[in-house]
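Please read the following points with the sequence and the 3D view side by side, and look up each residue as it comes up.

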Amino acid sequence: MRYRLLVRPQVPHLGEVTITADALNLDRGITANLSVVTDQEEGFEGFVVLSIDGLPPGVTAVTGTEVEPDSPPQESQAKRERFVTKNKKATILLMTRADAPLTRLPAEGRVYAQPVV
């Protein structure tokens, strides 16, 4: 077997961005939440700015917080940051006005994640 190895300095960067739902059905006057998990790899400690484009008229996106459940204690935390990606969870609330116009077809929104150092 042949293996390829790359030896390089650590490069902090934004890794995978995961969104909990790929579709949402909104009704007038309600609020739905969209959870976004960002992986911060190789020691990235900056902020990640989230934004959404393409929302239908009458729908506003704002950020929110939620309480995370307690996690079980880890066996060993020694040098864990070297091989485990840190991730952060954000919540985007999609608020629909009571007088929002109904849509005939689904609107396709796009979530953007931009790292900021």
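1. In which strand is the place of Gln-40? Keeping in mind that this is a predicted model, one finds Gln-40 in strand 2, and the residue standing opposite Gln-40 is Lys-86 in strand 5.

2. Is Gln-40 buried or exposed? Its relative accessible area is 9%, and because buried means under 20% on this scale, Gln-40 counts as buried. If neighbours within four places in sequence are left aside, the residues in contact with Gln-40 are His-13, Gly-46, Val-48, Thr-85, Lys-86 and Lys-88.

3. The pairing between strand 2 and strand 5, which covers residues 86-96, is antiparallel and runs over 10 bridges. These two strands belong to an open sheet of four strands, whose order is 1-2-5-4 and whose pairing is antiparallel. Strand 1 and strand 4 (59-64) stand at the edges with a single partner strand each, so one side of each has no neighbour in the sheet. On average, and with direction ignored, neighbouring strands of this sheet are turned by 30° against each other.

4. Where does Ile-30 lie? Ile-30 has its place in the loop that runs between strand 1 (13-19) and strand 2 (31-41), and with a relative accessibility of 31% Ile-30 counts as partly exposed. Together with Leu-24 and Leu-26, Ile-30 forms a nonpolar patch on the surface, and the accessible area of these residues together is about 200 Å².

Conventions:
Residues are numbered from 1 along each chain as its sequence is written. This is a predicted model: local features need pLDDT of at least 70, side-chain atom pairs count only at pLDDT 80 or more; totals for chains, interfaces and linings use all residues. Side-chain values use heavy atoms; hydrogens and water are left out. Patches are made of residues with over 30% relative accessible area and no salt bridge: like charges are joined within 9 Å, nonpolar side chains (Val, Leu, Ile, Met, Phe, Trp, Tyr) within 5 Å. Accessible areas come from the Shrake-Rupley method with a 1.4 Å probe; for residues, only the protein chains shown count as cover. A salt bridge is a side-chain nitrogen of Lys or Arg within 4 Å of a carboxyl oxygen of Asp or Glu. Buried means under 20% relative accessible area, exposed over 50%, partly exposed in between (1.4 Å probe, protein chains only). Two strands pair if DSSP finds at least two bridges between them. Axes are lines fitted to C-alpha atoms, for helices over the stretch in contact, and angles run from 0 to 180 degrees between N-to-C directions. Contact means heavy atoms within 4.5 Å.
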